[in-house]
Every structure is written in C-alpha cells, then in structure tokens.
Amino acid sequence: MNDGLTPDVENKNTPKVPLKPLGKVLAVTSGKGGVGKTFVSANLAAALASRGHRVLVLDADLGLANLDVVLNLHPKVTLHDVFTGKAKLEDAILPAPGGFSVLLAGSGMVEYSRLTTEVRDEFLRIISSLVPRFDVVLMDTGAGISDVVLFAVSLASEVLMVATPEPTSLTDAYATIKVLVGQQQRQTVRLIVNQSTRSGSGQAITNQLQQVLDRFVATDPEHPIQLIHLGDIPVDPEVRQAIMRRQLMMQHTPDCPAGKAIAQLARTLERTVIPKPA
Amino acid sequence: MTRFPDTSLVNLHNLKLDDACALLQHDAKNIEQEAGESDAAYLQRLIDGLCELSLRDPLTGLNNRRHFRSVLERSIDIVARSGESVLLLLLDIDRFKSINDGHGHLAGDQVLREIASCLAHCLRPMDTVARYGGEEFAIILPNCRPAFGLAVAERIRKSVAALSIPVSPLLSLKVTISIGGAYAPEWVRSTTDLWIERADKQLYRAKSEGRDQVCLDQPRELSVSAEEKGLLFGHLLMDESGIQENVPRDATSDEQSNAPKRENA
Ligand SMILES: Nc1ncnc2c1ncn2[C@@H]1O[C@H](COP(=O)(O)OP(=O)(O)OP(=O)(O)O)[C@@H](O)[C@H]1O
Ligand SMILES: [Mg+2]
C-alpha cells in the first residue's frame with residue numbers, strides 16, 4: 001500500500017538524500033525521454049574505462065533502457081534472475097565492449113516497477129554490493145519522475161542531468177530538478193547538454209536554468225542549489241551510425257566530435273567527482 | 001481428443017450447463033441452441049455471456065467492481081510510461097439511506113438505476129463507469145487534461161441533480177451526489193489502491209463540506225509556470241534571432257547584451 005507517490009506519502013517512501021552516499025554512484029537521468037541518457041551512459045563508461053577506472057553501468061530503467069541493443073549484448077543472465085533468486089549477482093555482471101561492466105535488467109524487471117519495500121531493499125542490497133567492486137557505477141535511469149527514477153536517483157551520490165537545448169527538454173529538466181530539490185533535498189546537479197548545435201550554448205543554458213532555480217526554487221539562502229555545467233555533446237551523425245552498426249561509438253570512432261566531447265566529460269568528472277585511478 | 005471421436009469436441013450433455021443457462025436466462029439472454037448453430041459455437045456463446053455477466057452489475061447494468069479494477073490497473077500502467085492524464089472519479093449518492101428508509105428498497109433500486117443510466121449518458125465511449133459499491137459509482141476518464149477535470153465532474157454532478165426520478169406513480173425524487181476525484185500520477189508507477197485512496201479522500205471532503213459538490217485532488221506538482229518559462233526561454237528566443245551572435249561576448253559589451261534580456265524577463 002505504501003509504495004506510491006501521493007504528495008503526503010512520498011516522503012515516507014523516498015529516502016531523504018543522502019540515504020547513504022553510495023560510493024561513486026552517478027545517476028544519469030533526464031526530464032524528457034529520448035534525450036540521450038543511454039548513449040551518454042554507455043559511452044561515458046567506455047571513456048572512463050579507457051582512463052583506467054573500473055566502471056559498471058546499471059540499467060536502472062528496468063529493462064527499458066535498451067542497453068543490450070546499444071551494446072549488442074544478448075545476456076543469458078540478468079538482474080531479473082538475481083531478483084527472482086535464479087542467479088547470483090556475480091553471474092549477471094557482464095563484460096561490455098568498451099572495457100566496462102554492465103548489469104542489464106532483463107525484460108521481466110518491469111514487474112518490479114511497483115516499488116514495494118522488498119524491491120527497494122533488494123535494489124539497495126545489490127547496489128551496495130556493487131559499490132566496493134567498482135570505481136564508478138553509472139545508473140541509466142528512465143526519464144521523468146516515476147518512483148523508480150526517483151528511487152534510483154536517491155541512491156546516487158551525483159546526478160548527471162541530460163538535456164537537449166530544446167525548450168521542452170529544458171522545461172522538463174528544470175521541473176525534474178525542482179522535484180529532486182523539493183523531495184530529496186538534492187543541492188547539486190550536473191548538467192550535460194546533449195545534441196547541442198552551437199558550441200558554448202551549454203554554459204549559457206546552465207546559467208539560465210540556474211537563475212530561474214535561484215529565483216523560484218532555491219528561495220531559502222541556507223539551501224542554495226548548484227547547477228554545474230558538466231559539458232556539451234554536439235549533434236553528431238556518428239552517434240546514430242554507431243547505433244545502426246550496433247557498435248559502441250567510443251570504441252570505434254572515438255575521435256568524432258561527440259566522442260571527443262565524451263572524453264572531455266570523463267576528464268571533467270575525474271577532475272571534480274571521481275578520484276583518479278590508482 | 002481421442003476420447004471424443006465424435007465431430008464435436010465435447011458432449012454438451014455431460015457439461016451440466018443448467019446453472020449457466022439459468023444465469024443467462026435470468027439476464028434475458030437467449031439460451032437455446034439455435035438451428036444450425038454448432039455445439040462449439042453455442043458453447044462459445046454461453047461462455048461469452050457468462051464472461052459478460054461476470055463483469056457487469058446486475059441491478060444497473062454498469063460495469064462491476066471487478067471490471068473497474070482491471071481497467072484501473074491498465075490505466076495506471078499506461079500513464080506510467082505515456083504521461084497521459086487520467087482522472088478517477090468516485091461518486092456517492094447523498095443520503096441514500098434515507099431514500100431506502102423513507103420510500104423502500106424498490107425506490108432505492110430505481111434511484112440507482114436512473115443515476116446509472118444518467119452517468120452512462122454523460123460520458124464518452126472511451127470512459128469507464130462502474131457501480132463501485134452499494135450507492136457508490138466510479139468513473140475512469142482517460143485523456144482528461146487537468147484543466148478540464150473539474151468541469152467534467154461538475155457536469156456529471158449537475159446532470160444527476162437535474163434528474164427527477166419517479167419511484168411511484170405519484171412520487172418523483174430529487175437526489176444529489178458528491179464526487180471526489182484524483183489524477184493518476186503522471187510518469188509515475190504507483191498502485192491502484194493508492195489512486196483510489198486519494199480519490200476517496202476527496203469524496204470524504206466533498207461529503208464533509210456539505211455534499212452535492214465536487215472535490216478534486218490536485219495533480220502532482222510538476223508544473224512550470226508561465227513566469228518560469230518566460231525566464232527560461234527569453235534567452236533562447238534571443239539566441240535564435242541571432243542577437244547574441246552579433247554581440248561580442250566580452251566584458252565591455254556585457255551591459256549591452258544583457259539589457260534586452262532583462263526586459264524580456
Ligand atoms: N549527440 C547526439 N547526436 C546525434 N544523435 C544523438 C545524440 N545523442 C543521442 N542521439 C540520438 O538520440 C537517440 C536517443 O538516445 P538514447 O536512447 O540514448 O536516449 P534516452 O534518453 O536513453 O532515451 P529513453 O528516455 O527512451 O531511455 C539515439 O538513438 C540517437 O540516435
Ligand atoms: Mg534510455
């Protein structure tokens with residue numbers, strides 16, 4: 001009964017952040033769907049892996065992320081099997097092209113999208129046991145503010161918000177940040193502007209969003225909100241072509257404009273949130 | 001298969017269909033096997049009739065609670081991924097007990113039937129209306145934008161209040177209903193129980209604030225006001241018109257390039 005999200009019950013269910021800052025767990029999320037979360041998750045993972053980090057990508061969109069398609073994997077064991085007790089977590093962690101690991105949800109996971117206490121506990125247990133084994137865990141979440149997304153984000157130490165420069169995407173990103181601030185007391189969000197058509201526009205967009213957040217959301221000076229511009233990724237035909245070829249862009253054409261941008265994102269993350277690998 | 005070497009898959013006489021036929025006959029269904037109707041087709045017709053019965057409320061002919069629950073389950077799954085607005089209304093006849101007590105149960109039944117048919121007429125084909133309990137009805141309105149919810153619910157309330165329900169040759173009754181409503185949380189996978197609970201709370205509010213009224217749960221706050229949008233996109237509009245491109249972005253011209261921006265906001 002208590003797993004939904006009416007305004008007065010959601011505080012009981014969605015743990016206040018930090019629930020337990022779980023190592024370096026980065027949630028890749030967005031307000032609107034289809035803006036490039038899965039593309040960013042997979043390729044950023046490859047970029048970080050090539051810099052020596054042990055990286056795991058988790059399909060926190062419960063099988064809807066299509067990570068298996070992007071990575072051209074045909075998993076025999078998935079998170080679903082771990083949930084149903086058919087397999088051990090170790091067996092569901094697969095090597096992905098690009099030198100990182102991936103935990104795919106499997107199609108049956110949608111069944112678990114009604115987040116009962118048991119499902120939450122199981123998720124928490126799984127993510128907690130992943131954290132010590134990897135330097136970075138990237139969670140590819142669904143779009144919007146479904147309770148699965150909010151729950152996944154609540155477990156992350158950092159939020160990477162992906163948005164495109166279109167007004168609908170920015171409005172939804174802004175609205176989602178509002179919820180993360182209001183409901184999870186999140187104070188820092190990092191913005192990735194994907195599919196940008198003009199260089200340098202990401203910083204301007206970030207400033208704009210920051211101004212509106214300051215004015216309408218962070219009205220309490222004790223609790224400022226910091227929107228940090230993590231970087232821009234240009235529109236690049238290679239992105240689509242890589243998907244059509246079922247190859248990972250970072251692995252095959254790392255020098256294309258989008259590839260260079262992702263490599264830059266990895267360096268920026270290393271400077272700011274992830275310690276350099278030993 | 002080999003046990004029924006007959007052309008028919010089963011022997012109708014072994015199936016003891018009497019109970020099923022009695023149920024269907026009671027519902028004014030033709031239960032005789034028609035000339036030329038194969039055993040399988042006849043059986044299918046009986047099964048279809050039983051399925052229909054199991055989803056309908058016998059008194060009012062509306063969907064019953066079971067059918068309502070399954071439609072609600074489906075709606076909540078659609079909303080979780082599509083973000084479509086779906087409104088659930090719970091309706092309760094005001095002071096129904098006094099109708100039963102004062103005019104008898106037959107009068108009460110007549111009131112239920114009249115209101116049911118009034119509700120069925122108020123709605124679009126895509127909507128689902130059900131008898132939810134004794135004097136309670138439920139309506140699921142898919143694709144109902146939050147801006148219209150109150151108007152739709154008010155229209156239903158007024159239609160019922162306008163009825164004059166004949167309960168005997170000499171007597172017609174006026175009845176009112178209270179309505180509570182809640183939207184499915186958009187993009188959110190929640191549960192039907194919680195959704196009903198939220199609508200029920202509003203129904204309780206409508207009752208306790210004097211009956212014959214509508215109370216709706218406000219949809220979840222994910223709204224961005226016009227003012228916020230103006231601030232967010234004033235800058236983009238300028239960007240597109242190319243003003244910023246022509247102005248060098250160094251410190252000296254900052255004043256200049258910012259001035260129209262403030263005006264926009
Ligand atoms: N930088 C880019 N340049 C060109 N195309 C891009 C770029 N980024 C993403 N795309 C296109 O957008 C599509 C959607 O990307 P992706 O599947 O990663 O989005 P998503 O946010 O994960 O979507 P969903 O919300 O459905 O999970 C990709 O298939 C790709 O074709
Ligand atoms: Mg995705």
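This is a predicted model: local features need pLDDT of at least 70, side-chain atom pairs count only at pLDDT 80 or more; totals for chains, interfaces and linings use all residues.

Student: OK, so how far is an oxygen atom of ligand 1 from an N or O atom in the side chain of A:K37?
Tutor: That distance is 2.7 Å, so the pair falls within the 3.5 Å cut-off.

Student: And what about polar backbone atoms?
Tutor: A polar backbone atom of A:G34 is 2.8 Å from a ligand 1 oxygen, and one of A:G36 is 2.9 Å from a ligand 1 oxygen.

Student: How much of the accessible area of ligand 1 does the protein cover?
Tutor: On its own, ligand 1 has 640 Å² of accessible area, and the protein covers 77% of that.

Student: How many residues surround ligand 1?
Tutor: There are 16, and the closest are A:G34, A:K37, A:T38, A:F39 and A:N194. By class, the shell has seven nonpolar, six polar and three charged residues.

Student: Which elements of chain A each supply at least two residues of that shell?
Tutor: α2 (37-50), β7 (188-196), β8 (226-234) and α10 (237-245).

Student: Switching topic: what's the average pLDDT of chain B?
Tutor: Chain B averages 82, with 79% of the residues scoring at least 70.

Student: Where in chain B does pLDDT stay under 50?
Tutor: One stretch is residues 240-265, with 16 contacts beyond four places in sequence. Residues 1-5 of chain B also stay under 50, with four such contacts.

Definitions and conventions: Residues are numbered from 1 along each chain as its sequence is written. Chains are lettered from A and ligands numbered from 1 in the order in which they are written. Side-chain values use heavy atoms; hydrogens and water are left out. A residue is near a molecule or strand if one of its heavy atoms lies within 4 Å of it. A polar contact is a pair of N or O atoms within 3.5 Å; within protein, one must be able to donate a hydrogen and the other to accept it, and residues adjacent in sequence count only if both atoms are side-chain atoms. Accessible areas come from the Shrake-Rupley method with a 1.4 Å probe; for residues, only the protein chains shown count as cover. Helices (H or I, at least four residues) and strands (E, at least two) are DSSP runs, numbered from the N terminus. Ala, Val, Leu, Ile, Met, Phe, Trp, Tyr, Cys and Pro count as nonpolar, Asp, Glu, Lys and Arg as charged, and the others, Gly among them, as polar. pLDDT is the predictor's confidence in each residue, from 0 to 100. Contact means heavy atoms within 4.5 Å.
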